[in-house]
Amino acid sequence: MNGPGEPFAVRVPPGYRVGPWEVRAPLATGAFGSVYEARRTGGASEAGLPRTAALKFLPTGTNTPRRLSHLRELVDREVELYRRLRHPRLIRMYQTLTVDDPALPGLDGATVLVLEKAEGSLSALLTASPRPAAGPALLAQICEGLHQLHTAGWVHGDLKPANVLLMHDGTVRLADFNMAAELEGTHAYTPAFSTPDYTPPELLWTEIGERGRRIRPSADIWAFGVLAHLVLTDSFPLPGGTPTARRDAAVAYARSTDALRLSPELPDVWRDIVRDCLARTHAERVGGAELLRRVATAAGTAGRPGRLPRLRTPHRRSRRTTVTAAVAATLTVAVLGYAVSDRTSGSPDGKSPVTPASYGAAELRTDKGVPVTYRRLIVDSAHDCVQPEVTPALIAAMLKAESDFDPDLADPHAGREGEYGIARWTPSLLRWWIRADGVPASATPRPPFSPAESIPAMGRYLCYMEPLLNATGLKGDRRVLLAAAYRTSYKKVNGAGGVPPNTRAYADRVAHYLKVYTPPGRT
């Protein structure tokens, strides 16, 4: 249905019908699914369904068994929340459908969620109009949505501007519930995905168990504090020009080696609220009815109906980008977030919206077959390393040579322990690189290994080895030598004075794909 580099993960032709719905224009896409505007074609018998809706297509009937299982888990999380919770600040699901169309293998078996159609997202609003006048009232409604979720015993798990939708009447809805999880006592368990700028420090180095990552409602409170600071000041509360730098600043702050320095442009009435949301430990963060009361008071909405003036995403030129009618026809998740399992939206500066398929385009070709699903993992893993030889094109070339981008690879006969996953990790070696804080995992991880674990670990290992390669006396492209060290060891590369003979075929494949994936004009 969609070839390499095409922007929509699930392509659905205009006019395609599923149930009582006819697909119209594309709205949003992510790594695994896509959202389309649709018109209801059924008659009066379709009581309770609106005339228009947003259809989210998730290919739960296709892909490899492991990826299929992963998608099914995400869909089940979201559907379960929709079915059990009906609150005015949560996006509404009207029905679920299954595509039955053997003639279109890319769609056959897909799960379709029929959702409320939004006017736009907070991400789009902030891109076109930084520090919007309605910001405080928007924050009050977002806080209401979080309170409704937490009171019902759920954690959102991925609160950010792209997942806050603005409706036609100006009211707010929270979306992206495939990371949401129901509390079991004080904790819930979510997949090992996150958006670094909105992730609390304690989750940046947490271990990932068999059930996923343990998370508390206080993680949503931290994300709300970051979001409030961004809405009110057009800046993040922690310093740094990239998500990686801000992540490191969050870790330093949590370890008390750095202080929290909020923007002087943050209004005084909000300063204490944001500071209490961004407390170093989860136990210190404000939450519950107390946070709701304080936000409503600061926004001036206490005791008044929580409805905003009608909002529309401005179609005007801003200092960041131009939002036009043509762009609106192909909105991405960063502009209109409908929970499509996307962890790749946003540019490296965290502000300008880009499609998942174009993320990091200046450093990694978008038209040469690098799967959209892994682009952000690849680009961000390279950016986490200060060594200039560790580039997105190198990591992509190595993944191609290692596994042909197969996340389900299992080679139990390779060595004593075998090699597994997209980066072909040996379990006992992965133990040393799986954690972002540099501390080895307490136990040897057991396969299967997800790309979210494998690709960043590859970047960390390459970054570690690069300074250990001899500075002089080695023959060949240093990036290819680094790939050879990954396949053997840096000691063998140094000893051979270049690529060891038994690794030349692999090194040649990496060198070939380095050229293929590197954009013109870059070396």
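A word on the source before I start: what we have here is a predicted model. The protein has 523 residues, and 55% of them are buried. Its secondary structure comes to 16 helices and 15 strands. If you take the contacts with a separation of 6 or more, 63% of them are between residues 24 or more positions apart.

Cysteines, then. How many disulfides does a search of the whole structure find? The search finds 1. The disulfide joins cysteine 385 to cysteine 463, with an S to S distance of 2.2 Å. Cysteine 385 sits in the loop between helix H10, 375-383, and helix H11, 392-403, while cysteine 463 is in helix H13, residues 451-465, so the bond ties together parts that are 78 residues apart in sequence. The torsion about the S-S bond is about 85 degrees, so this disulfide is right-handed. Are the two cysteines buried or exposed? Both cysteine 385 and cysteine 463 are buried.

Now to another pair, cysteine 143 and cysteine 277. Cysteine 143 has a relative accessible area of 3%, so it counts as buried. Cysteine 277 is also buried, at 0% relative accessibility.

Cysteine 277 belongs to helix H7, residues 268-277, where Trp270, Arg271, Ile273 and Val274 are buried as well. The cover over the buried residues of H7 includes helix H3 (135-151), helix H5 (217-233) and helix H8 (288-299).

Two of those covering helices, H3 and H5, bring their axes within 11 Å and cross at roughly 170 degrees. Therefore H3 and H5 are roughly antiparallel to each other. On the H3 side, the residues in contact include Cys143, together with Leu139, Ile142 and Leu146. On the H5 side they include Ile221, Phe224, Leu227 and Val231. By class, the contact of H3 with H5 has 12 nonpolar, 2 polar and 1 charged residues.

The other helix pair I want to show is H11 with helix H16, residues 504-517. Their axes come within 8 Å and cross at roughly 135 degrees, so H11 is oblique to H16. The crossing is right-handed. H11 contributes several alanines to the contact, including Ala393, Ala396, Ala397 and Ala401. From H16, the residues in contact include Tyr506, Tyr513 and Tyr517. Which classes make up this contact? There are 11 nonpolar residues, no polar ones and 3 charged ones. Among the residues in the contact are Lys400 and Glu402 of H11 and Arg509 of H16.

Where is its place? Tyrosine 359 is in the loop between helix H9 (325-328) and H10. It has 1% relative accessibility and counts as buried. Its C-alpha atom is separated by 6.4 Å from that of arginine 376, which is 17 residues away along the chain.

That is the end of the talk.

Conventions
Residues are numbered from 1 along each chain as its sequence is written. This is a predicted model: local features need pLDDT of at least 70, side-chain atom pairs count only at pLDDT 80 or more; totals for chains, interfaces and linings use all residues. Side-chain values use heavy atoms; hydrogens and water are left out. A disulfide is a pair of cysteine sulfur atoms within 2.5 Å. Helices (H or I, at least four residues) and strands (E, at least two) are DSSP runs, numbered from the N terminus. Buried means under 20% relative accessible area, exposed over 50%, partly exposed in between (1.4 Å probe, protein chains only). Axes are lines fitted to C-alpha atoms, for helices over the stretch in contact, and angles run from 0 to 180 degrees between N-to-C directions. Angles under 35 degrees count as roughly parallel, over 145 as roughly antiparallel, 65 to 115 as roughly perpendicular and the rest as oblique. A crossing is left-handed if the near helix is turned anticlockwise from the far one by less than a right angle, and right-handed if clockwise. Contact means heavy atoms within 4.5 Å. Ala, Val, Leu, Ile, Met, Phe, Trp, Tyr, Cys and Pro count as nonpolar, Asp, Glu, Lys and Arg as charged, and the others, Gly among them, as polar.
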